[in-house]
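Here is a short briefing for a first look. Start with the fold as a whole, then turn to one helix.

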Amino acid sequence: MGGLVNFRRGEKLNEACNQKLSSLYESHKNELFSAPQKCTGKMHGPFLVCSQDEYWKSNIKISFVGQETRGWSCKGSVTEQMDKHKSFALGKGYHSSPFWNVIRKFEERICGSKYNSSWLNLNRYDQNKKRPNEENRKILSELDFLVLKELEILAPDVVIFFTGPIYDGRVKSLLCGELIGVSGFTKRELCLVKSQHLGAKIIRTYHPNYLRRSGLEEKVIDAVVSIALNGGA
């Protein structure tokens with residue numbers, strides 16, 4: 001009986017969350033969909049979040065914030081873009097991807113199961129399936145305020161930014177935050193973000209691709225899990 005109640009509660013919370021996200025995007029639809037007109041190159045997006053039932057049933061809610069997609073839907077409505085996020089299903093088909101491999105490890109070790117997180121990106125668009133150039137990033141940064149709004153709606157307990165040091169200026173500005181070092185790491189590798197806006201535990205590290213290439217993956221995962229579960233730095 002308890003499991004059924006939890007399931008229905010998760011469904012209701014998820015439905016309410018997605019209604020709020022949809023309203024947020026609709027209220028800023030012009031800014032979201034006109035951004036590519038100001039940019040150069042082929043822009044894919046906008047990336048719009050749609051949460052899952054499992055996220056709201058998790059005892060610890062985790063939000064992951066990446067950099068940008070590598071190609072994405074370019075439909076003309078909020079509903080279609082949110083549906084793309086939903087159908088992507090937190091990377092269920094990407095078994096060999098370091099990005100999703102690392103997320104699965106965090107989900108299992110912090111929450112005890114997989115596919116129960118939420119996924120955001122700092123950049124609403126990618127450029128030619130890659131990182132936008134510097135000028136395009138400046139244009140896209142005008143939409144950063146929406147990431148904060150998304151996080152406020154999702155109300156995670158833990159936020160993990162996979163944005164690396166290249167985006168620290170934007171992350172600090174977005175959260176009115178201060179970067180705090182973690183013992184055993186440089187601030188470039190891993191740091192906490194003390195925010196004036198969010199009460200969640202906020203952590204910033206490198207993108208999982210770099211964590212794996214640099215040999216930092218397991219060390220960073222251990223440290224982040226400890227912070228998420230115990231609060232230690």
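The buried residues of helix H8 pack against helix H6 (134–140), helix H7 (145–154), strand S5 (158–161), strand S6 (178–181), strand S7 (190–194) and strand S8 (201–205). The model is predicted.

**Helix H8**

- H8 covers residues 168–175, and its buried residues are Asp168, Arg170, Val171, Leu174 and Leu175.
- Viewed down the helix axis, these buried residues fall within an arc of 165 degrees, so they line one face of H8.
- An α-helix has 3.6 residues a turn, so residues three or four places apart point the same way.
- Gly169 and Ser173 are exposed, on the face of H8 turned away from its buried side.
- Just after H8 comes Cys176, with a positive phi of about 50 degrees.

**The whole chain**

- The chain contains 10 helices and 8 strands.
- Its radius of gyration is 17 Å, close to the 17 Å given by the globule rule for 233 residues, so the chain is as compact as a globular protein of that length.
- The C-alpha trace spans about 50 × 45 × 35 Å along its principal axes.
- Of contacts between residues at least 6 apart in sequence, 74% join residues at least 24 apart.

**Surface and charge**

- Of the 233 residues in the chain, 54% are buried.
- The chain exposes about 10800 Å², and carbon and sulfur atoms supply 48% of that area.
- There are 35 positive and 25 negative side chains. The centres of these two sets lie 2 Å apart.

Conventions
Residues numbered from 1 in each chain as written. Predicted model: local features only at pLDDT ≥ 70, side-chain atom pairs only at ≥ 80, totals over all residues. Heavy atoms only, no water. Buried < 20%, exposed > 50% of the residue type's maximum accessible area, 1.4 Å probe, protein only. Helix = DSSP H or I, 4+ residues; strand = E, 2+ residues; numbered from the N terminus. Arc of directions from axis to C-beta. Contact = heavy atoms within 4.5 Å. Rg over C-alpha atoms; globule rule 2.2 N^0.38 Å. Areas by Shrake-Rupley, 256 points an atom, 1.4 Å probe, with all protein chains shown as cover. Lys, Arg positive; Asp, Glu negative; His and termini not counted. Charge placed at Lys NZ, Arg CZ, Asp CG, Glu CD.
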